[in-house]
Amino acid sequence: MLGLGFGLTLKDFLRVINTPKDFMLGLICQLILLPIVAYILVLILKLPNELALGLMIIAAVPGGVTSNVLTKFADGDVALSISLTAIISLISIISVPFVVFTSADLLEINISSEITIKAIALKMTLVVTAPVVIGMIVRKFFNNFISKNISIIEKFTGILFLIVFASIWIEEGKNILSYINQAGVPVLILNIVIMILAYFIAKTFATGIKQIKCIALECGLQNGTLAVFVATQMFNDIIYVVPTAAYALLMYITAFVFIYFVKRIN
């Protein structure tokens with residue numbers, strides 16, 4: 001999130017005002033459509049409550065920085081992707097607790113009285129908002145240095161991401177197949193369905209093919225690390241983390257398949 005902040009300026013937020021249509025499409029698809037599709041899937045598949053809430057957590061979190069990288073790789077609208085990631089990440093400190101607690105009520109899952117929307121929102125502020133704001137402040141005062149070295153910073157954050165990803169595989173290697181066996185089908189269906197829906201909604205209303213690619217990828221690539229953080233902060237049982245871990249593993253496969261096909265079509 002700090003790396004995201006380094007790459008942001010106020011222009012990224014003002015861009016939303018200048019081109020609101022594509023941004024609003026992405027925002028609606030990710031913040032509203034994705035949790036609705038996830039909840040419908042929970043009802044259709046009749047998932048156990050723990051897996052169901054885990055699925056709702058991954059559906060509630062914003063897209064990660066990875067979506068910006070893969071949007072660039074897909075020749076999509078990177079500026080739009082950055083704007084969506086940044087603003088939805090900031091909104092997520094309210095939207096994520098709201099979706100998770102509402103889902104828990106609908107699924108009749110008891111959450112400890114010690115865990116409140118306010119408490120989760122505060123923790124997410126420290127994890128999400130604070131690093132982004134700090135990154136933007138550093139960029140403001142050291143713009144020349146950051147601008148000259150942004151590619152190095154991006155590579156460094158990419159290396160950190162790979163280290164975290166590798167660590168997960170090393171630490172949870174024995175459990176990964178179990179995660180995929182338990183939650184692989186639901187999260188794969190969710191991922192594919194939301195990307196297809198977002199693609200065709202964007203195809204109908206977005207301004208161009210670059211924006212279509214961006215919106216579809218932004219909806220399909222969730223911030224798995226943040227989802228794991230939320231799940232572990234709320235529950236001690238690892239089962240709630242299973243869907244978030246499975247989604248984080250599978251979404252890269254579907255994203256590259258999507259990129260392959262859209263590049264061939266266009």
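This is a short tour of a predicted model, stop by stop, for use in a viewer.

**Colour by confidence**

Start by colouring the protein chain by pLDDT. The chain averages 83, and 94% of the residues score at least 70. Select helix α3, residues 20-45, where confidence is highest, at a mean of 93. Then select α2, where confidence is lowest, at a mean of 73. Where pLDDT is low, the predicted coordinates should not be read in detail.

**I17 in α2**

Stay with helix α2, which covers residues 10-18, and pick I17 within that helix. Is I17 buried or exposed? I17 has a relative accessible area of 61%, so this residue counts as exposed. I17 and A166 lie 39 Å apart in space, with a sequence separation of 149 residues.

**Helix α7**

Next, select residues 117-141, which form helix α7. The 25 residues of α7 should span 36 Å at 1.5 Å a residue, and the end C-alpha atoms are 34 Å apart, so the two values agree. Centre the view on T125, where α7 bends by about 40 degrees. Then show the side chains of the buried residues in α7: I120, A121, M124, V128, T129, P131, V132, G135, M136 and R139.

**S67 in α5**

Move to helix α5, residues 65-73, and select S67 there. S67 counts as buried because its relative accessibility is 0%. Which residues does S67 touch, leaving aside those up to four places away in sequence? They are S81, T85, L217, E218 and L221. Of these contacts, show the one with T85 at side-chain level: the side chains of S67 and T85 are joined by a polar contact of 3.4 Å.

**The cysteines**

The last stop is at C214 and C219. How many disulfides does a search of the whole structure find? The search finds zero. C214 is in no disulfide, and the nearest cysteine sulfur to C214 belongs to C219, 8.8 Å away. C214 counts as buried, because its relative accessibility is 0%. Select C219 next, together with C29. C219 is likewise in no disulfide, and the sulfur of C29 is the nearest cysteine sulfur, 4.7 Å away.

Terms used. Residues are numbered from 1 along each chain as its sequence is written. This is a predicted model: local features need pLDDT of at least 70, side-chain atom pairs count only at pLDDT 80 or more; totals for chains, interfaces and linings use all residues. Side-chain values use heavy atoms; hydrogens and water are left out. Helices (H or I, at least four residues) and strands (E, at least two) are DSSP runs, numbered from the N terminus. Buried means under 20% relative accessible area, exposed over 50%, partly exposed in between (1.4 Å probe, protein chains only). A polar contact is a pair of N or O atoms within 3.5 Å; within protein, one must be able to donate a hydrogen and the other to accept it, and residues adjacent in sequence count only if both atoms are side-chain atoms. Contact means heavy atoms within 4.5 Å. A disulfide is a pair of cysteine sulfur atoms within 2.5 Å. The expected span of a helix is 1.5 Å times one less than its number of residues. The bend at a residue is the angle between axes fitted to the seven residues ending there and the seven starting there. pLDDT is the predictor's confidence in each residue, from 0 to 100.
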